[in-house]
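I opened this notebook to record what I looked up, one topic at a time.

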Amino acid sequence: MQPVVRIKYLILNFLVLGGGCAGPYTADWTSLDARPLPKWYDEAKVGIFIHWGVFSVPGFGQYSEWFWYWWRAQGLPENVQFMQKNYAPGFTYADFAPRFHAEFFDPESWADLFQASGARYVVFTAKHHEGFTNWPSSTSFNWNSMDLGPHRDLVGDLAAAVRKRSLRMGIYHSLYEWFHPLYVVDKSSGFKSQYFVGTKTLPELKDLVITYKPDLIWSDGDWEAPDTYWNSTQFLAWLYNDSPVKDEVITNDRWGRGLLLQTWWLLQLCRQVHSDNSTQSQMGEMPEHGHPFMGL
């Protein structure tokens, strides 16, 4: 069974009100939200988003990146039956990792294709909710693309190819991991403890920024805990003030429970103002906050 790579075009809207300020930024949302949109992103318009990892080996279901969760946490019949039909008893999700060979991964050809499409930036999965990292993360021992599967730095190889063609490189990173023991401990405490954040999430994010200098960070997996658990404002203040990408980087708004919903209401208000000045339309239905596939 060949791994599946899902590639999507991105036309994203990051909302910025007013002219913003040039910083320095303090670790609060009022200050961080005042940061102006980097010029490159306002001009880029279209990008390509790549979801690819161990989950691409089974490549089953509409949202195959959620395969492990659907199979083990939810026990969805179709996922359970798929495993029973195609794999031996006792086969675990971790057993997919050595089969993630990435034999068709050709970053130079991929980057040529992205450039020819007219895209100006690329967002690549560094880590999804399963925890497997597509770079040699020191916080993900024996659960990364250097130790298992391809035995190469997928993030670094693609970033180098993309930038040779003057395209911008973005990184998708999940804040949480479904089954990580430290996250389970924090969750059981009502997110009063921060063992997972201190030893896994924040070290990973800083490693990605310092090592690969992404132009865009697509954060995800935030919806179970508030931004205070993730130390989101502290990280973003560092990102915008002191990181090597402080002047060029852009992020989305998935940094804690409730933040995405606030953005939704703001977007709906802007749409309503526009409709009042042109043709009348109704506001869309409020999304169920925390749905894993909500986008901007």
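**The model.** I am working with a predicted model, in which local features need pLDDT of at least 70 and side-chain atom pairs count only at pLDDT 80 or more, while totals for chains, interfaces and linings use all residues. Residues are numbered from 1 along each chain as its sequence is written, and side-chain values use heavy atoms, with hydrogens and water left out.

**Helices α8 and α10.** I looked up how α8 (residues 195–212) and α10 (residues 232–241) are placed, and found that their axes (lines fitted to C-alpha atoms over the stretch in contact) come within 11 Å and cross at roughly 15°. The two helices are therefore roughly parallel (angles under 35 degrees) to each other. On the α8 side I noted L202, L205, K206, V209 and I210 in contact (heavy atoms within 4.5 Å) with F235, W238 and L239 of α10.

**Residue A102.** In the loop between α4 (77–86) and α5 I found A102, whose phi is positive at about 55° although A102 is not a glycine. A102 is buried, and its relative accessible area is 7%.

Key
Axes are lines fitted to C-alpha atoms, for helices over the stretch in contact, and angles run from 0 to 180 degrees between N-to-C directions. Helices (H or I, at least four residues) and strands (E, at least two) are DSSP runs, numbered from the N terminus. Angles under 35 degrees count as roughly parallel, over 145 as roughly antiparallel, 65 to 115 as roughly perpendicular and the rest as oblique. Buried means under 20% relative accessible area, exposed over 50%, partly exposed in between (1.4 Å probe, protein chains only).
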